[in-house]
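Look at the sequence and the model first, then work through the points below.

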Amino acid sequence: MMMARHGTEQDDCVLFAVEHGIGRITLNRPDRLNALSLAMHHRLSAILDEIERRNDLRVLLLIGAGRAFCAGQDLSERPVEQTGAPLDLGESLELRYNPLVRRLMAVNVPLLCAVNGVAAGAGAGLALLADMVIAAESARLILSFTRIGLMPDCGVSWLLPRLIGQPRALGMALTGDAIPARQAEAWGMIWQAVPDAAFSSTVEAMLQTLAQAPTQALMATRHAMRGAWLRDLDAQLELERDEQRRLGLTEDYREGVSAFRDKRQPQFRAR
Ligand code: T3D
């Protein structure tokens, strides 16, 4: 597999590799449970620059190295005991977390999040913004924000009530209780929880499925479904009409129908 960049130790805190149209972002500070440091934010931003420049991606994976997915903000970078001006967390969100959320949600290929282990705070937020989430059965999601005197960010306060309903979203956020992957699946928070032994193979199979799918159709689907919360039925019907008109002119649509008629597997090319 070809790494997109080689370089400094700082670069290694988040890895990015592309092979056969599959882009893999790996949060890579396992000894800190992949807690998000400033260096990781810088690296993620550079990786997203590259992703936005590329036109060979068909799917993007976000995963953590080691036993955790991501433990949220690196709290060792929050020197609360210091005297002097306190850190402006609003600025931290404005300059780093909010752009990260917006850019990850806007990548023009499906985003699959593989929650290999605990996802806490902003780590849970990153997981939940993906188009699909597959979690290892031993993983857990924790809205740990209130445990340290903060509130959910990374869009969690907007997204989670819509995903699982207000009572469960509020309960999770107010208690900071860990929700096991199976529970998260049962509540509709994630796509699938799988036994740990089957985690890697399930993720790889899903990556293949998404990489071989008609990308434009998937992106139109995401756009329609994610935005549906903000539109009324008439506006949604009009959007479906317009997008279907556009998709009906694509090479992939012609290939899909031809393959169905020929009783063969379609070869979609994201065109
Ligand atoms: O600040 C802003 O910019 C505002 C934005 C905030 C967004 C946020 O994400 S706020 C929420 C921040 N995250 C947390 O509060 C989670 C803190 N971590 C935990 O609660 C637990 O570590 C976990 C539940 C995630 C996992 O527990 P466990 O028992 O499996 O592992 P552990 O022993 O607690 O952690 C292992 C090591 O990772 C440990 O270091 P050590 O003792 O071996 O040297 C621990 O300190 C370190 N670690 C875990 N999480 C973080 C961390 N180090 C720095 N920052 C962390 N978030």
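In the largest nonpolar core there are 56 residues, and Ile25, Ile51, Phe69, Val115, Leu160, Met172 and Met189 touch the most other members. Helix H1, residues 38-53, supplies the largest share of this core, with six residues. The model is a predicted one.

**Nonpolar cores**

- Ile51 is one of the residues that touch the most other members of the largest core.
- Leaving aside residues up to four places away in sequence, Ile51 touches Phe16, Ile25, Leu57, Leu60 and Val107.
- Another core, of 16 residues, lies apart from the largest one. Among its members are Ile22, Ile63, Leu210 and Ala211.

**The ligand and its shell**

- Around the ligand stand 24 residues. Arg32, Gln73, Arg78, Ser92 and Ala122 come nearest.
- The shell residues divide into 12 nonpolar, five polar and seven charged.
- Arg67 places a polar side-chain atom 2.9 Å from an oxygen atom of the ligand.
- Ala71 has a polar backbone atom 2.9 Å from a nitrogen atom of the ligand.
- Ala122 has a polar backbone atom 2.8 Å from an oxygen atom of the ligand.
- Taken alone, the ligand exposes 1000 Å², and the protein buries 68% of that.
- Which elements give two or more residues to the shell around the ligand? They are helix H2 (89-106) and strand S9 (140-142).
- H2 gives the most to this shell, with four residues.

**Asn34, in a loop**

- Asn34 sits in the loop between strand S3 (22-27) and H1.
- Is Asn34 buried or exposed? Asn34 counts as buried, because its relative accessibility is 0% and the cut-off for buried is under 20%.
- The side chain of Asn34 reaches two backbone oxygens: that of Ala68 at 3.0 Å, and that of Phe69 at 3.1 Å.
- Phe69 is also among the residues that touch the most other members of the largest nonpolar core.
- Setting aside residues up to four places away in sequence, Asn34 touches Leu27, Asn28, Arg29, Met40, Gly64, Ala65, Ala68, Phe69, Cys70 and Ala71.
- Ala71, in that list, is the residue whose backbone comes 2.9 Å from a ligand nitrogen.

**Ser138, in another loop**

- Ser138 has its place in the loop between strand S8 (132-136) and S9.
- S9 is one of the elements that give two or more residues to the ligand shell.
- How accessible is Ser138? Its relative accessibility is 46%, so Ser138 counts as partly exposed. That class lies between the 20% cut-off for buried and the 50% cut-off for exposed.
- Which side chain does the side chain of Ser138 join in a polar contact of 2.6 Å? The partner is Asp196.
- Ser138 and Ala181 are 43 residues apart in sequence. In space, their C-alpha atoms are 6.8 Å apart.

**Glu50, in a helix**

- Glu50 lies in helix H1.
- Why does Glu50 count as buried? Its relative accessible area is 14%, and buried means under 20%.
- The side chain of Glu50 makes a polar contact of 2.7 Å with the side chain of Arg54.

Terms used. Residues are numbered from 1 along each chain as its sequence is written. This is a predicted model: local features need pLDDT of at least 70, side-chain atom pairs count only at pLDDT 80 or more; totals for chains, interfaces and linings use all residues. Side-chain values use heavy atoms; hydrogens and water are left out. A residue is near a molecule or strand if one of its heavy atoms lies within 4 Å of it. A polar contact is a pair of N or O atoms within 3.5 Å; within protein, one must be able to donate a hydrogen and the other to accept it, and residues adjacent in sequence count only if both atoms are side-chain atoms. Accessible areas come from the Shrake-Rupley method with a 1.4 Å probe; for residues, only the protein chains shown count as cover. Ala, Val, Leu, Ile, Met, Phe, Trp, Tyr, Cys and Pro count as nonpolar, Asp, Glu, Lys and Arg as charged, and the others, Gly among them, as polar. A nonpolar core is a set of buried Ala, Val, Leu, Ile, Met, Phe, Trp, Tyr and Cys residues joined through side-chain atoms within 4.5 Å. Buried means under 20% relative accessible area, exposed over 50%, partly exposed in between (1.4 Å probe, protein chains only). Contact means heavy atoms within 4.5 Å.
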